[in-house]
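Keep the display open while reading.

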Amino acid sequence: MNDWLVDTNVMVKWVLSEPDSAQALKLVSDTASAGGKLLVLDLAIVEAANVIWTRLHRKLLTFAEGKQALALLQKASVQIVPGLAALSNAFDIAARYDVAVYDALFVAMVKDLGVGGVTADEPLVRVVGAAYPQIKLLRSW
Amino acid sequence: MSSVEAIYASGVFKPLSEVDLPENQRVRLVVEPVAPAAVGSWLAEVAAFQQQLVANHGILPDSTPEIAADRRRHE
(Lines give C-alpha, C1' and ligand atoms only; values in the text may rest on other atoms or scores of the structure.)
Protein backbone atom coordinates (compact mmCIF):
# COMPACT_ATOMS: atom_id res chain seq x y z
CA MET A 1 0.00 0.00 0.00
CA ASN A 2 1.52 3.32 -1.11
CA ASP A 3 -1.11 5.93 -0.27
CA TRP A 4 -2.12 6.73 3.29
CA LEU A 5 -4.88 8.76 4.88
CA VAL A 6 -3.36 10.40 7.94
CA ASP A 7 -5.32 11.08 11.12
CA THR A 8 -5.16 14.46 12.85
CA ASN A 9 -3.14 13.05 15.75
CA VAL A 10 -0.37 12.07 13.31
CA MET A 11 -0.37 15.41 11.48
CA VAL A 12 0.10 17.24 14.76
CA LYS A 13 3.21 15.17 15.47
CA TRP A 14 4.73 16.39 12.22
CA VAL A 15 4.97 19.95 13.48
CA LEU A 16 5.02 19.65 17.28
CA SER A 17 7.66 17.81 19.28
CA GLU A 18 5.51 15.05 20.77
CA PRO A 19 6.07 11.38 21.61
CA ASP A 20 6.20 9.42 18.31
CA SER A 21 6.99 12.52 16.25
CA ALA A 22 9.94 10.61 14.78
CA GLN A 23 7.62 7.87 13.48
CA ALA A 24 5.24 10.49 12.11
CA LEU A 25 8.07 12.06 10.09
CA LYS A 26 9.31 8.63 9.02
CA LEU A 27 5.84 8.02 7.57
CA VAL A 28 6.31 11.11 5.40
CA SER A 29 9.77 10.14 4.15
CA ASP A 30 8.85 6.47 3.64
CA THR A 31 5.73 7.36 1.67
CA ALA A 32 7.65 9.79 -0.54
CA SER A 33 10.38 7.21 -1.11
CA ALA A 34 7.78 4.64 -2.13
CA GLY A 35 6.22 7.08 -4.61
CA GLY A 36 3.02 7.22 -2.62
CA LYS A 37 0.98 10.13 -1.41
CA LEU A 38 -0.42 11.28 1.88
CA LEU A 39 -4.02 12.36 2.20
CA VAL A 40 -5.74 14.25 4.97
CA LEU A 41 -9.36 15.12 5.62
CA ASP A 42 -10.23 18.80 5.28
CA LEU A 43 -11.56 18.65 8.83
CA ALA A 44 -8.25 17.30 10.13
CA ILE A 45 -6.39 20.50 9.30
CA VAL A 46 -8.77 22.52 11.44
CA GLU A 47 -8.48 19.98 14.26
CA ALA A 48 -4.68 20.13 14.05
CA ALA A 49 -4.75 23.92 14.09
CA ASN A 50 -6.89 23.77 17.21
CA VAL A 51 -4.33 21.53 18.92
CA ILE A 52 -1.62 24.07 18.10
CA TRP A 53 -3.87 26.75 19.61
CA THR A 54 -4.34 24.73 22.82
CA ARG A 55 -0.54 24.59 23.20
CA LEU A 56 -0.44 28.33 22.76
CA HIS A 57 -3.34 28.79 25.20
CA ARG A 58 -1.49 26.74 27.84
CA LYS A 59 1.68 28.71 27.20
CA LEU A 60 3.52 25.62 25.97
CA LEU A 61 4.31 27.50 22.75
CA THR A 62 4.89 31.12 21.87
CA PHE A 63 2.62 32.81 19.33
CA ALA A 64 5.47 32.85 16.80
CA GLU A 65 6.05 29.12 17.30
CA GLY A 66 2.35 28.42 16.91
CA LYS A 67 2.23 30.39 13.67
CA GLN A 68 5.31 28.58 12.40
CA ALA A 69 3.82 25.19 13.26
CA LEU A 70 0.64 26.09 11.39
CA ALA A 71 2.59 27.37 8.39
CA LEU A 72 4.60 24.13 8.24
CA LEU A 73 1.41 22.12 8.42
CA GLN A 74 -0.03 24.08 5.50
CA LYS A 75 3.12 23.50 3.47
CA ALA A 76 3.04 19.73 3.91
CA SER A 77 2.82 17.73 0.70
CA VAL A 78 -0.59 16.25 1.30
CA GLN A 79 -3.74 15.88 -0.71
CA ILE A 80 -6.73 17.33 1.10
CA VAL A 81 -9.89 15.29 0.70
CA PRO A 82 -13.39 16.49 1.58
CA GLY A 83 -15.04 14.27 4.15
CA LEU A 84 -18.68 15.12 3.57
CA ALA A 85 -19.14 12.47 0.88
CA ALA A 86 -18.48 9.73 3.42
CA LEU A 87 -20.57 11.18 6.22
CA SER A 88 -23.43 8.72 5.90
CA ASN A 89 -21.06 5.73 5.96
CA ALA A 90 -19.23 7.36 8.85
CA PHE A 91 -22.43 7.63 10.84
CA ASP A 92 -23.09 3.92 10.33
CA ILE A 93 -19.57 3.07 11.50
CA ALA A 94 -19.92 5.40 14.50
CA ALA A 95 -23.14 3.66 15.54
CA ARG A 96 -21.80 0.15 14.93
CA TYR A 97 -18.53 0.56 16.84
CA ASP A 98 -19.59 3.27 19.28
CA VAL A 99 -16.88 5.65 18.13
CA ALA A 100 -17.21 9.40 17.53
CA VAL A 101 -18.30 10.47 14.05
CA TYR A 102 -14.94 12.23 13.61
CA ASP A 103 -13.14 8.91 14.17
CA ALA A 104 -15.64 7.06 12.01
CA LEU A 105 -15.17 9.56 9.18
CA PHE A 106 -11.46 8.73 9.13
CA VAL A 107 -12.31 5.01 8.99
CA ALA A 108 -14.97 5.47 6.30
CA MET A 109 -12.66 7.54 4.12
CA VAL A 110 -9.87 4.95 4.36
CA LYS A 111 -12.36 2.41 3.02
CA ASP A 112 -13.91 4.67 0.37
CA LEU A 113 -10.55 5.88 -0.95
CA GLY A 114 -9.06 2.38 -0.94
CA VAL A 115 -5.95 3.58 0.88
CA GLY A 116 -4.23 2.69 4.13
CA GLY A 117 -4.85 4.69 7.26
CA VAL A 118 -2.40 5.80 9.93
CA THR A 119 -3.51 6.96 13.36
CA ALA A 120 -1.92 7.34 16.77
CA ASP A 121 -5.24 6.53 18.45
CA GLU A 122 -4.69 3.10 20.00
CA PRO A 123 -8.24 2.71 21.39
CA LEU A 124 -9.65 3.38 17.91
CA VAL A 125 -7.43 0.71 16.35
CA ARG A 126 -8.40 -1.73 19.09
CA VAL A 127 -12.08 -1.20 18.27
CA VAL A 128 -12.03 -1.15 14.45
CA GLY A 129 -8.71 -2.82 13.65
CA ALA A 130 -10.14 -6.30 13.02
CA ALA A 131 -12.67 -5.02 10.50
CA TYR A 132 -10.30 -2.47 8.95
CA PRO A 133 -6.83 -4.04 8.99
CA GLN A 134 -5.63 -1.43 6.51
CA ILE A 135 -5.56 1.07 9.42
CA LYS A 136 -2.16 1.03 11.10
CA LEU A 137 -1.05 2.39 14.41
CA LEU A 138 1.62 5.05 14.07
CA ARG A 139 3.69 3.41 16.80
CA SER A 140 4.06 0.30 14.65
CA TRP A 141 5.19 2.24 11.55
CA MET B 1 -2.94 43.83 -7.01
CA SER B 2 -1.83 41.10 -4.61
CA SER B 3 -1.13 37.40 -4.78
CA VAL B 4 -2.26 34.77 -2.31
CA GLU B 5 -1.97 30.99 -2.22
CA ALA B 6 -5.19 29.05 -1.87
CA ILE B 7 -6.47 25.50 -1.73
CA TYR B 8 -9.27 24.43 -4.01
CA ALA B 9 -11.63 21.96 -2.35
CA SER B 10 -15.31 21.12 -2.78
CA GLY B 11 -15.72 23.82 -5.42
CA VAL B 12 -14.36 26.60 -3.21
CA PHE B 13 -11.00 28.43 -3.19
CA LYS B 14 -9.77 28.79 0.39
CA PRO B 15 -6.95 31.34 0.94
CA LEU B 16 -4.01 30.11 3.04
CA SER B 17 -3.36 33.54 4.51
CA GLU B 18 -5.41 36.56 5.47
CA VAL B 19 -6.89 38.58 2.63
CA ASP B 20 -7.52 42.27 3.17
CA LEU B 21 -10.80 42.63 1.29
CA PRO B 22 -14.28 43.74 2.27
CA GLU B 23 -16.92 41.03 2.53
CA ASN B 24 -18.49 40.08 -0.82
CA GLN B 25 -15.77 41.89 -2.79
CA ARG B 26 -15.67 40.49 -6.31
CA VAL B 27 -12.16 39.55 -7.48
CA ARG B 28 -10.58 38.03 -10.58
CA LEU B 29 -8.65 34.79 -10.03
CA VAL B 30 -5.79 33.75 -12.28
CA VAL B 31 -5.29 30.11 -11.33
CA GLU B 32 -1.70 28.93 -11.25
CA PRO B 33 -1.02 25.50 -9.71
CA VAL B 34 1.55 25.63 -6.91
CA ALA B 35 3.80 22.62 -6.64
CA PRO B 36 3.81 21.18 -3.11
CA ALA B 37 6.94 21.89 -1.17
CA ALA B 38 9.54 19.25 -1.89
CA VAL B 39 9.26 16.62 0.79
CA GLY B 40 12.97 16.67 1.57
CA SER B 41 13.16 20.39 2.18
CA TRP B 42 9.92 20.32 4.16
CA LEU B 43 11.27 17.53 6.36
CA ALA B 44 14.48 19.48 6.94
CA GLU B 45 12.50 22.58 7.87
CA VAL B 46 10.28 20.58 10.22
CA ALA B 47 13.26 18.84 11.84
CA ALA B 48 14.92 22.20 12.52
CA PHE B 49 11.69 23.58 13.98
CA GLN B 50 11.19 20.53 16.19
CA GLN B 51 14.76 20.84 17.48
CA GLN B 52 14.02 24.45 18.36
CA LEU B 53 10.83 23.41 20.18
CA VAL B 54 12.63 20.72 22.17
CA ALA B 55 15.35 23.19 23.13
CA ASN B 56 12.78 25.77 24.25
CA HIS B 57 10.08 23.58 25.78
CA GLY B 58 11.15 19.91 25.81
CA ILE B 59 8.87 17.21 24.47
CA LEU B 60 5.29 18.49 24.44
CA PRO B 61 2.43 16.39 25.87
CA ASP B 62 0.90 13.79 23.55
CA SER B 63 -2.15 15.41 21.94
CA THR B 64 -3.68 12.09 20.84
CA PRO B 65 -5.81 11.47 23.97
CA GLU B 66 -6.94 15.11 23.94
CA ILE B 67 -8.05 14.92 20.33
CA ALA B 68 -9.95 11.71 21.06
CA ALA B 69 -11.59 13.24 24.14
CA ASP B 70 -12.47 16.41 22.25
CA ARG B 71 -14.18 14.36 19.56
CA ARG B 72 -16.42 12.80 22.24
CA ARG B 73 -16.83 15.96 24.29
CA HIS B 74 -20.64 15.97 24.31
CA GLU B 75 -20.99 12.54 25.90
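This is a predicted model. Start where helix α4 of chain A, residues 63-75, meets α1(B): their axes come within 11 Å and cross at roughly 160°. An angle over 145 degrees counts as roughly antiparallel, so α4(A) is roughly antiparallel to α1(B). The crossing of α4(A) and α1(B) is left-handed.

Which residues make this contact? From α4(A) come Glu65(A), Gln68(A), Leu72(A) and Lys75(A), and from α1(B) come Trp42(B), Glu45(B), Val46(B), Phe49(B) and Leu53(B). Sorted by class, the residues of the contact between α4(A) and α1(B) are 5 nonpolar, 1 polar and 3 charged.

Now take chain B by itself. Chain B has 2 helices and 2 strands, and from the N terminus on these run β-β-α-α. Of its 75 residues, 12% count as buried. A residue is called buried here if 20 or more other C-beta atoms lie within 10 Å of its own.

Chain A contains 7 helices and 5 strands. Along the sequence, the elements of chain A follow the pattern β-α-α-β-α-α-β-α-α-β-α-β. The radius of gyration of chain A is 15 Å, close to the 14 Å that the globule rule gives for 141 residues, so chain A is as compact as a globular protein of that length. Its C-alpha atoms fill a box of roughly 40 × 35 × 25 Å, taken along the principal axes. Buried residues account for 46% of the 141 residues in chain A. Among the contacts in chain A between residues at least 6 apart in sequence, 62% join residues at least 24 apart.

Helix α1 of chain A, residues 8-15, and helix α3 of chain A, residues 42-57, have axes that come within 9 Å and cross at roughly 50°. At that angle, α1(A) and α3(A) are therefore oblique to each other. The crossing of α1(A) and α3(A) is right-handed.

The residues in contact are Thr8(A), Met11(A) and Val12(A) on α1(A), and Ala44(A), Glu47(A), Ala48(A) and Val51(A) on α3(A). By class, the contact of α1(A) with α3(A) has 5 nonpolar, 1 polar and 1 charged residues.

How much of α1(A) is buried? The count is 8 of the 8 residues of α1(A), so this helix is largely enclosed by the rest of the structure. The buried residues of α1(A) are Thr8(A), Asn9(A), Val10(A), Met11(A), Val12(A), Lys13(A), Trp14(A) and Val15(A). Thr8(A), Met11(A) and Val12(A), which are among these buried residues, are also the residues through which α1(A) contacts α3(A).

Note on methods: Residues are numbered from 1 along each chain as its sequence is written. Chains are lettered from A and ligands numbered from 1 in the order in which they are written. This is a predicted model: local features need pLDDT of at least 70, side-chain atom pairs count only at pLDDT 80 or more; totals for chains, interfaces and linings use all residues. Helices (H or I, at least four residues) and strands (E, at least two) are DSSP runs, numbered from the N terminus. The radius of gyration is taken over C-alpha atoms; the globule rule is 2.2 Å times the number of residues to the power 0.38. Two residues are in contact if their C-beta atoms, placed from the backbone, lie within 7 Å. Axes are lines fitted to C-alpha atoms, for helices over the stretch in contact, and angles run from 0 to 180 degrees between N-to-C directions. Angles under 35 degrees count as roughly parallel, over 145 as roughly antiparallel, 65 to 115 as roughly perpendicular and the rest as oblique. A crossing is left-handed if the near helix is turned anticlockwise from the far one by less than a right angle, and right-handed if clockwise. Ala, Val, Leu, Ile, Met, Phe, Trp, Tyr, Cys and Pro count as nonpolar, Asp, Glu, Lys and Arg as charged, and the others, Gly among them, as polar.
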